[in-house]
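Morning, everyone. Please bring up the sequence and the model on your screens. I'll take the topics one by one.

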Amino acid sequence: MSTALLLTLPAIDLLLFAASTVDLARGAVPTSAHGLAAVYLGVSIAFGGQLVSWADGRLAHRFGGPPPNRPPRTGREHAAHERRMWLRHLLAWGLGSCLLLLDTAIARGPRHASPLVGVIASWGVVLAIDFIWSFSYTLFPRGTRRTHGQG
């Protein structure tokens, strides 16, 4: 069932993006809602498999399966996990930005489609903050915490 869901999610997201693009091609005024369709598709492609696996693990555990695997919480393994997550975010941003640029061209260029360009820029700021946050663990790895009462 999870495989079917995994395969249908990008298809549904692609339909949403296509509907948004058709709306722009018919002369609709671009809005950030049009931009969100591209963001949603980029995130779905970059993170979809991981999100479905995450949900599968929790659902299986709820019905008696083993506890789901958790990402590392400390040390170099945690730093590497954070870097991989940022690279997925970069992939999502790159895909979403390409789709937003396509919509910008369909909406008669950046002058008419400033909300779409604004989505790219805003998401770029979030990506930059995520970069600083994620890669900070490489410079300053999270160590094991001491519990109260230990010396």
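First, a term. Helices (H or I, at least four residues) and strands (E, at least two) are DSSP runs, numbered from the N terminus. Next, the ground rules. This is a predicted model, and residues are numbered from 1 along each chain as its sequence is written. Local features need pLDDT of at least 70, side-chain atom pairs count only at pLDDT 80 or more, totals for chains, interfaces and linings use all residues, and side-chain values use heavy atoms, with hydrogens and water left out.

Let's start with the pocket. Rolling a probe the size of a water molecule over the atoms shows where empty space is left. Here that is done on a 1 Å grid over the protein atoms alone. A pocket is an open set of points where a 1.4 Å probe fits, with protein on both sides within 12 Å along at least five of seven lines. Lining residues have an atom within 4 Å of a point. Grid points are joined across faces, edges and corners, and a volume is the space filled by probe spheres set on the points.

The largest pocket has a volume of about 330 Å³. Which helix gives the most to its lining? It is α2, with six residues. Both α2 (32-62) and α3 (75-106) supply at least two residues each. Among the lining residues are F47, W54, R58, H81 and M85. By type, the lining divides into five nonpolar, four polar and three charged residues. For that count, Ala, Val, Leu, Ile, Met, Phe, Trp, Tyr, Cys and Pro are nonpolar, Asp, Glu, Lys and Arg are charged, and the others, Gly among them, are polar.

Now the aromatic rings. Rings of Phe, Tyr and Trp (its six-membered ring) pair if their centres lie within 6.5 Å. Planes under 30 degrees apart are stacked, over 60 edge-to-face, and the rest tilted. The whole structure has three aromatic pairs. Take W86 and F131. Their ring centres are 5.1 Å apart and their planes stand at 70 degrees, so this pair is edge-to-face. W86 sits in α3 and F131 in α4 (residues 114-139), so the pair ties together parts 45 residues apart in sequence.

Next come W86 and F135. Here the centres are 5.6 Å apart and the planes are at 85 degrees, so this pair is edge-to-face. F135 lies in α4 and W86 in α3, so parts 49 residues apart in sequence are tied together. W86, F131 and F135 form one aromatic cluster.

Is W86 buried or exposed? Buried means under 20% relative accessible area, exposed over 50%, and partly exposed in between (1.4 Å probe, protein chains only). W86 is buried, at 11%. F131, at 36%, is partly exposed. F135 is partly exposed at 24%.

Contact means heavy atoms within 4.5 Å. Leaving aside neighbours within four places in sequence, S134 contacts E82 and W86. S134 is in α4 and is buried, at 1%. Not counting residues up to four places away, D130 touches W86 and H89.

Last, the core. A nonpolar core is a set of buried Ala, Val, Leu, Ile, Met, Phe, Trp, Tyr and Cys residues joined through side-chain atoms within 4.5 Å. The largest one has 18 residues. Those with the most contacts inside it include F17, A38 and L99. α1 (2-25), α2, α3 and α4 each supply at least two residues of this core. α2 gives the most, with six.
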